[in-house]
Amino acid sequence: MSAEENSPVNLNDTSLSNRSEYEGEPMDVSVNSDEMETDACAQSEESSKGYPITELRSGYDCWGPPPLPPVQPSSSHTVLYKLPWRPGQSPKPYPTVPVDRWDQEHVRMPNSSESLYPVQETDEEKGLRLRWELVQEALLRSILNSHQLESAILSYNSRYNEKWNFRALHTLFDEVLEKEEADVYFRDVLPGMVSLALQLPELVTGPLPLLRKHKCHTVSLSQLQIGSLLANAFFCTFPRRNSTKRGSEYAAYPDINFNRLFQCGGTSDSNSVLEKLKCILNYFRRICKSYLGPQGTVTFSRRYMSPGSFPNWGKSTKQLPKLHITSSGFIENEGSGMLQVDFANKFIGGGVLGWGCVQEEIRFVVCPELIVSRLFTECLDNTEALIIAGCERFSAYTGYGHTFEWAGDYRDETPFDPAGRRHCSIVAMDALCFGNPSTQYNMQNLVREVNKAYVGFCEPEGHEGSALPPVATGNWGCGAFRGDAQLKALLQLIAAGEAGRALVYFTFGDQTLCDRIYGMYKYLTDNSVNVGHLWNLLNQYSRKILNTSSGNVPDLYEFLYSSVLESFEKKGGCFSIPDIKPTVHMKRKEPPPKAEDNSCSHDAAATSRDLAEAGLTAEDIDNLIEEFDSDAEQVEVTQGEEPERNSSCQPASSSCLSMIEESLQKEHGTKKAQHQNASKPKLLLSASKKDFDSADGSADDRVKSNTHVKPSSDASDRKECNAEKEQKCAPTPADQKVPVSDCQLSNSSKSSTKRNIAPKRKISDYFNPA
């Protein structure tokens, strides 16, 4: 292939028009950016949390950067149309002279001279005829109803006369559609489909490679070529694709002929099958009605990574990505311009040509060009994903599963890139299916899932430095595959963080899940938990599950919460409590520096409720924390009742502070002291000896004090506590770890800011905020 004949596309060329003659007349597919910002970008404050979507688009509009990989013909990228692509023109096929390949590395085409079919020539003799001749004879006859269409299809699939039925197809045309609609289809649409199917030899002139396992390869086709291939699939013309028995040539490939979809009928589940057929017929009506046909292009790229090429997850120092999470909206709508996740089956498309009607199948029928990937994509292995760039949407829909319904025609106004592809990128990645849901926490399965997500999210090889749009995803593998949505969200955060992409997560109406995932994300990021730290925590949880009886398995998020809290207490650092109120992530302001305060002195009269006057060295606190961690339950309290302690899953370190207070009581043998007035010094857990600016930051970005102090029974003290609760806390920088040696007791009067006395809270408070 010479550069002159099929030169690569310059993705930086901005002179190309986004106009098309689709539907036979000029159509401006450019859109008003403000309108798109309102329709596809805006999210309701009540249902959305985290960073705003506009901030995650990295300077691009709602359509994002051009899709990857670019269209560049090479040994690993087969382009079957002439370059460069020109708007307003249907791409011409490449090569000019047809090339036929009948082997195990390419699709066996029905028009191949090697495609023969046995026929009964006489009563006693059988012979072989070109399959394409039989197809032409059958489809060029008059076909006026679904029964005649069935006879035509079976004439070149005679061995399936007793096996195939066309129940769903007959139900659609005989019972569901009005007679006038059915007549219009057979009079106007079907002849166009026949013409499109029989143009296959002129439209697809080059051999179409199979996307095989463990091999990175890319195929780019024009929309018109895809339409011809799908018309042949509708008429069931592809040879050797009707058997999926073990050992058959295409046992590792999805089926492509539509016969299985035609016979899915006669049960209570058949309504969704009929609605899927409506979507497909609408697609053919659209592309056959056009004078020139669709003029865009689509790229299919199989991505494979060898098992040894993945990151060392436990040693990663990359930060968790920016997150926007919402309970409203859909990936295909609000995720415009992003890398949109298809919750795939390893056989790409899943049950789209059968009974299936969930996320993947719905996406495939409203964007039928995706279905052609089943023709040449072998089932995905553990470290593989399929990226599809440029597909067009043709149908609107409502419902899901059994309630799915075609809701009419859809006009896709997504603009083209310079290669003729719409700014729509989809990654098909298959999750594991768990018969026993508890096995998903096994380390082997965690590694498999995070590796699979990383393959889909990572930057294409050879295109380093390209702008990467956010990933639009959701509850991947959490339906029939029985995955834990809370776990899958964390695994996708890890993969996206390592890949350098932001994450936009849709919970599909589940506000509780939205709050819970965001609460955990905010907690992790506020306490500087990075990709490697989170992965090691999941590893610990996996081992704990393995060594715990099924009836005592801890909740994943409670385990993570208590584990991070425990690690902070052991290190003697300050613990940051997340505030889950804001719907957007507020940038933290660094507190102003504070001069060293050396005015603290040890007072032998200090008690457990008046620590402000007690001078503790770093060694003192280290020893107390070590004692608490090793044998907290055996601490001897000599004065009064033992203070109530928080459990390990509570969002504060008051249990450790209680230990310090009890030790002071034991050492000094004093009784509880009461606060005298509001001028008493307070305990400040300062960061690197810095003070807090009372006027800094907004209330949404405040972090509550992690010091739990039991208020005095004195009425004046209760009044003081109530007054202090009305004060706003100064923010603690989440990314700043505080060594215990820097924790000071200060009576400095330079700062008038008072710290809230934080009430004891349960872990659920962080994931179910008021």
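Arg 482 lies in the loop that links strand S15 (471–474) to helix H15. Helices (H or I, at least four residues) and strands (E, at least two) are DSSP runs, numbered from the N terminus. The model is predicted: local features need pLDDT of at least 70, side-chain atom pairs count only at pLDDT 80 or more, and totals for chains, interfaces and linings use all residues. Residues are numbered from 1 along each chain as its sequence is written, and side-chain values use heavy atoms, with hydrogens and water left out.

Arg 482 counts as partly exposed, because its relative accessibility is 42%. The classes are buried (under 20% relative accessible area), exposed (over 50%) and partly exposed (in between), with a 1.4 Å probe and protein chains only. Gln 440 is 42 residues from Arg 482 in sequence, yet their C-alpha atoms are 9.1 Å apart.

## Helix H15

H15 covers residues 485–499, 15 residues in total. From first C-alpha to last it reaches 21 Å, close to the expected 21 Å. That expected span is 1.5 Å times one less than the number of residues. The helix is largely enclosed by the rest of the structure, because 15 of its 15 residues are buried.

Asp 484 caps the N-terminal end of H15. One of its side-chain oxygens lies 3.1 Å from the backbone nitrogen of Gln 486. A polar contact is a pair of N or O atoms within 3.5 Å; within protein, one must be able to donate a hydrogen and the other to accept it, and residues adjacent in sequence count only if both atoms are side-chain atoms. Just after H15, Gly 500 has a positive phi of about 80°.

## The ten-stranded sheet

An open sheet of 10 strands runs in the order S3-S9-S16-S15-S10-S14-S11-S8-S7-S4, with mixed pairing. Neighbouring strands are turned by 20° against each other on average, direction ignored. Axes here are lines fitted to C-alpha atoms, for helices over the stretch in contact, and angles run from 0 to 180 degrees between N-to-C directions. Two strands pair if DSSP finds at least two bridges between them.

S7 (217–222) and S8 (297–304) are antiparallel, with six bridges. Ser 222 stands opposite Thr 297 in S8. S8 also pairs with S11 in the antiparallel sense, again over six bridges. There, Ser 301 faces Ile 387 in S11. Four bridges join S11 to S14 (425–430), also antiparallel, and Leu 386 has Ala 428 as its bridge partner in S14.

In S11 (384–389), six of six residues are buried. Glu 384, Leu 386 and Ile 388 point one way, and Ala 385, Ile 387 and Ala 389 the other.

Arg 303 belongs to S8. It counts as buried because its relative accessibility is 11%. Its side chain reaches the backbone oxygen of Cys 458 at 2.9 Å. A polar atom of that side chain also lies 3.4 Å from the backbone oxygen of Gly 456.

## Aromatic rings and charges

There are 24 aromatic pairs. Rings of Phe, Tyr and Trp (its six-membered ring) pair if their centres lie within 6.5 Å; planes under 30 degrees apart count as stacked, over 60 as edge-to-face and the rest as tilted. One cluster is formed by Phe 166, Phe 234, Phe 235, Phe 258, Phe 262, Tyr 283, Phe 284 and Phe 394.

The charged end of Arg 393 sits over the ring of Tyr 410, 4.2 Å from its centre. That of Lys 488 sits over the ring of Trp 476, at 5.1 Å. A charge sits over a ring if NZ of Lys or CZ of Arg is within 6 Å of the ring centre and within 35 degrees of the ring normal.
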